[in-house]
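Thank you all for coming; I would like to walk you through one model this morning, and please keep the structure open while I talk.

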Amino acid sequence: MSINTDIETLGNGKLQIFHGDALEVLQAIPDSSVDLIFVDPPYNIGKDFAGRKDKWDTDEDYLKWCYLWIDLCIKKLKPTGAFYVMTSTQFMPYFDLYIRERMTILSRIVWAYDSSGVQAKRYFGSLYEPILFCVKDKNNYTFNADDIMVEAKTGAKRNLIDYRKNPPQPYKNEKVPGNVWNFCRVRYRMDEYENHPSQKPISLLERIIKASSNEGDIVLDPFCGTFTTGYVAKELGRQFIGIEIQEEYYKIGLRRLGLASEYKEEKLYREQKTYEIKHMSTDVIQTELFANG
Ligand SMILES: C[S@@+](CC[C@H](N)C(=O)[O-])C[C@H]1O[C@@H](n2cnc3c(N)ncnc32)[C@H](O)[C@@H]1O
């Protein structure tokens with residue numbers, strides 16, 4: 001893979017992460033080489049990614065930019081590869097129309113979550129994010145249904161018998177999940193929390209990576225943020241290629257993937273949470289601060 005030498009990168013043979021622009025790095029990845037791509041791009045809704053605004057001048061500008069990386073992702077996927085892509089509810093219809101001309105969209109997934117805060121008072125607040133699951137070849141792709149089974153409530157909770165079967169049989173207590181996924185969002189008090197405005201939960205990536213790749217396969221995420229995709233890929237024995245433009249988040253990736261404990265002479269550590277600090281004695285705080293520079 002030949003890459004502009006200004007782009008920083010670190011890897012260990014199985015995991016390779018890049019500090020740079022997704023469009024530039026994607027171009028350097030060999031065509032038809034990746035098994036699974038998960039894309040959670042900026043949504044064009046004005047979030048602040050460590051000083052980089054998630055907002056384009058016009059909707060058309062945003063979509064034009066998205067179509068560039070969508071085309072590149074399709075090119076980099078193996079013929080048997082799978083592509084999962086997210087964006088905001090308002091832009092997903094454009095993605096859907098664009099991608100369905102180029103790939104087969106197998107599932108339109110709704111990631112639903114609850115919120116204790118009031119979302120809206122004069123309309124119905126948004127409590128889901130859409131995900132498209134697409135493949136290049138609808139007759140030849142990986143889908144490990146057995147690895148992602150969930151409880152089938154009718155069978156598991158109510159012990160019903162299916163009398164349509166001859167002889168009648170208890171309902172199964174496991175099933176392949178449908179396209180509405182309930183995973184809670186990453187909150188401050190959760191162990192996996194990192195300082196990022198749109199971190200995706202480990203549970204969400206576990207389902208995607210288990211379903212659509214096998215051990216040793218190559219997983220790619222062009223907009224890594226907190227590197228949840230890379231972290232899960234590593235835990236599940238997959239190879240990983242990740243890209244992130246902001247140094248602050250690239251450092252999270254170095255630490256979370258165990259690629260480095262220091263960066264430019266700065267020790268990499270997870271920020272202490274306020275409640276963790278409150279529970280430490282003064283001695284411990286001083287030792288921690290000293291140890292963390
Ligand atoms: C929605 S977040 C991804 C969150 C991630 N899925 C997670 O679980 O933490 C989008 C990320 O893309 C990064 N980004 C924005 N523009 C980029 C670009 N041109 N190339 C690479 N990364 C970019 C942002 O800094 C941000 O961290």
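What we have is a predicted model, in which local features need pLDDT of at least 70 and side-chain atom pairs count only at pLDDT 80 or more, while totals for chains, interfaces and linings use all residues. Residues are numbered from 1 along each chain as its sequence is written.

The domain assignment, whose bounds come from an automatic or database source, gives domain 1 as 8–142 + 179–291 and domain 2 as 152–177. The centres of the two domains, taken over C-alpha atoms, are 36 Å apart.

Turning to the helices (DSSP runs of H or I, at least four residues, numbered from the N terminus), α2, residues 59–76, packs against α3, residues 92–100, at an angle of about 40°, and their axes lie 11 Å apart. From α2 the contact, meaning C-beta atoms placed from the backbone within 7 Å, draws on L63, C66, Y67 and I70, and from α3 on Y94, F95, Y98 and I99. By class, these divide into eight nonpolar, no polar and no charged residues, where Ala, Val, Leu, Ile, Met, Phe, Trp, Tyr, Cys and Pro count as nonpolar, Asp, Glu, Lys and Arg as charged, and the others, Gly among them, as polar.

Finally, a cis peptide bond, with omega about 0°, joins N166 and P167, and F227, although not a glycine, has a positive phi of about 65°.

Conventions
Axes fitted to C-alpha atoms, helices over the stretch in contact; angles between N-to-C directions. Helix = DSSP H or I, 4+ residues; strand = E, 2+ residues; numbered from the N terminus. Contact = placed C-beta atoms within 7 Å.
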